[in-house]
Amino acid sequence: MIKAIVGANWGDEGKGKITDMFAEQSDIVIRFQGGANAGHTIINSYGKFALHQLPSGVFHQHITNIIANGVALNIPSLIKELDQLRQADVPKPKLLVSDRTQIVMPYHILFDQYEEERLSDRQFGSTKSGIAPFYSDKFAKIGFQVNELYDEAALSDKLSRILEVKNVLVKHLYQKPLLEHDAILADMIRWREQIHPYVADTAAYLVKAVKEDRTILLEGQLGALKDPDFGIYPFTTSSSTLAGYAPVGAGIPPYAIKDILTITKAYSSAVGAGPFVSEIFGDQADELRRRGGDAGEYGATTGRPRRMGWFDTVATRYGCQVQGATGVVLTAIDVLSYLDEIPVCTGYEIDGQITHQFPSGHLLEKAKPVLKIMPGWKKDVRGITSFDELPDEAQQYVSFIEKEIGVPIKLVSNGPRREEIIVRIKD
Ligand code: GDP
């Protein structure tokens, strides 16, 4: 049984908690895209963790965790994450890193920073983790796969050739200090030793695991609207955030994924620039931000305040469609308990016309939200364990969203802790 857990929106939908719940029942948990630029928040008996690259199964000894070929591997930051687990007394996790995974280089991170500096007020709101320069190099075929670390002569030679080109930009476009071959090579040799215990042919491992019908969880980062093809390009990330990419990013047959559990939050939040139709501002946004998540809506990686908005049925229906959602989890309904009335964005007004279809590019920029006002429930819903016990207004809110997005809402999350979950539809 292979399940993917992915986001319907702009990321931060609460995938971490849901992934953690399902990870426990899995034999293998896989990260198949993205890098250290986003993070899951996981709260369990060891404490609270922001996982950036480690798969969510690292807290369970029976799980093999895989960082697969589709990931942007930042080795120093991975080693730091492993150290943090050790410090919190989490037993050493079973971790495999694909020998085909490509490595985030120090100059990817620098170029990300230099480019945002150069763009100044035209910037995209990058997390400056080197993700865009990394994926550019991967597809320009000047990236480094993990296996290349182990042939030092070839590595040194390839690095010289790449730095020749990079240093033209460093010198003439960015006017920054030149990149030094020997220092970077020394870093890579150190990384080679650090990563060595984990390196494996994970594709071959997974062929066998699929044949043996093992329970596999594919863990998505960010959400559908950050996908480079179907998202709000260019305010997207640089690797596909869709379940459809998981077979490529992990090395499993496309038909093997049976369940695509898509996560959406009871309100919206987004980080970075770009269109966000149901966005709210001022005190209204501040209050929702302060009450959101488990300690306010601030980036797990960057600490940046997230942009806030009402639930958007247009964007979420589309997000579920492009994910191929087979079921939805609606998270954080507890956060809305303070509101007398809850606006929901149910349409976009573009040039005087109302549409329910999520548009591309310039039309999206012009869209204004059409809001429907739902009654609030004004009751703390944390601690409730069955759907029927939720206040009527909360049940209506969930049912309304389900009808709008057209995918069954199987689980409702009513608190950040893993036991705060209502099973609405059993598989
Ligand atoms: P991810 O990027 O999709 O994994 O999202 P995060 O893990 O960053 O989740 C966003 C925040 O919401 C975190 O602070 C979670 O602890 C929190 N969270 C998840 N589910 C719930 C919920 O049902 N209620 C509340 N109040 N917070 C939640």
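Helix axes are lines fitted to C-alpha atoms over the stretch in contact, and angles run from 0 to 180 degrees between N-to-C directions. Helices (H or I, at least four residues) and strands (E, at least two) are DSSP runs, numbered from the N terminus. This is a predicted model, in which local features need pLDDT of at least 70, side-chain atom pairs count only at pLDDT 80 or more, and totals for chains, interfaces and linings use all residues. Residues are numbered from 1 along each chain as its sequence is written, and side-chain values use heavy atoms, with hydrogens and water left out.

**Helices α3 and α5**
- The axes of α3 and α5 lie 12 Å apart, at an angle of about 20°.
- That makes the two helices roughly parallel, a label for angles under 35 degrees.
- Residues of α3 in contact (heavy atoms within 4.5 Å) with α5 include Tyr107, Phe111 and Tyr114.
- Among their partners in α5 are Leu159, Ile162 and Leu163.

**Helix α4**
- Buried residues (under 20% relative accessible area, 1.4 Å probe, protein chains only) of α4, which spans residues 131–139, include Ile131, Phe134 and Tyr135.
- Among the elements covering these buried residues are α3 (106–119) and α5 (152–174).
- After α4 comes Lys141, with a positive phi near 65°.

**A three-stranded sheet**
- The open sheet has the order β12-β14-β13, with antiparallel pairing; strands pair if DSSP finds at least two bridges between them.
- β12 (268–270) and β13 (279–280) each have a single partner strand, so one side of each lacks a neighbour in the sheet.
- Met308 in β14 is the bridge partner of Ile280.
- Helix α9 (residues 282–291) lies across β13 and β14, at about 100° to β14.

Key: Buried < 20%, exposed > 50% of the residue type's maximum accessible area, 1.4 Å probe, protein only. Parallel < 35°, antiparallel > 145°, perpendicular 65-115°, else oblique.
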